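Colleague: Please take me through one part of this model closely. I would like to follow the nonpolar core and the sheet beside it, step by step.

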Amino acid sequence: MAALTEQTIYVYRGEAILLPFTMSPVQDISGWTILFTVTKAVNKSTKIIGPIAMIIDSAVAGTFHITLLEEQ
């Protein structure tokens with residue numbers, strides 16, 4: 001199942017950031033593959049970043065994160 005989420009995240013060029021996420025309501029995400037993609041606008045095919053695999057921290061707690069490096 002693919003889910004699109006529109007959210008504004010401000011990132012400045014040359015900045016490395018960690019983006020943590022928690023499912024709400026909490027859901028077991030064991031066996032999931034979660035990808036992070038940034039586009040200029042919702043439903044646009046031109047990718048600025050990604051897709052990049054996200055790291056699952058605790059599948060049972062529904063927590064995962066991605067680190068965007070300076071060069072991304």
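Modeller: The largest nonpolar core has 11 residues: I17, L19, I29, I34, F36, I49, I52, M54, F64, I66 and L68. A nonpolar core is a set of buried Ala, Val, Leu, Ile, Met, Phe, Trp, Tyr and Cys residues joined through side-chain atoms within 4.5 Å. Buried means under 20% relative accessible area, exposed means over 50%, and partly exposed lies in between (1.4 Å probe, protein chains only). Two or more core residues come from each of β1, β3 (47-53) and β5. The top contributor is β5, with 3 residues.

This is a predicted model: local features need pLDDT of at least 70, side-chain atom pairs count only at pLDDT 80 or more, and totals for chains, interfaces and linings use all residues. Residues are numbered from 1 along each chain as its sequence is written, and side-chain values use heavy atoms, without hydrogens and water.

Now the sheet. It is open, has 3 strands in the order β1-β5-β4, and its pairing is antiparallel. Strands here are DSSP runs (E, at least two residues), numbered from the N terminus. Two strands pair if DSSP finds at least two bridges between them. β1 (17-22) and β4 (55-58) stand at the edges with a single partner strand each, so one side of each has no neighbour in the sheet. From one strand to the next, the twist averages 30 degrees. That angle is taken between lines fitted to C-alpha atoms, in N-to-C directions, from 0 to 180 degrees.

Look at each pairing in turn. β1 and β5 (residues 63-68) are antiparallel over 6 bridges. There, T22 stands opposite T63 in β5. β4 and β5 also run antiparallel, joined by 3 bridges. S58 has T63 in β5 as its bridge partner. The hairpin of β4 and β5 has 4 residues between the strands, and G62 takes a positive phi near 70 degrees in this hairpin.

Which rings come together? There is 1 aromatic pair. Rings of Phe, Tyr and Trp (its six-membered ring) pair if their centres lie within 6.5 Å; planes under 30 degrees apart count as stacked, over 60 as edge-to-face and the rest as tilted. F21 and F64 have ring centres 5.4 Å apart and planes at 10 degrees, so they are stacked. F21 sits in β1 and F64 in β5, 43 residues apart, so the pair links distant parts of the chain. F21 is partly exposed at 22% relative accessible area. F64 is buried at 9%, and F64 belongs to the core described above.
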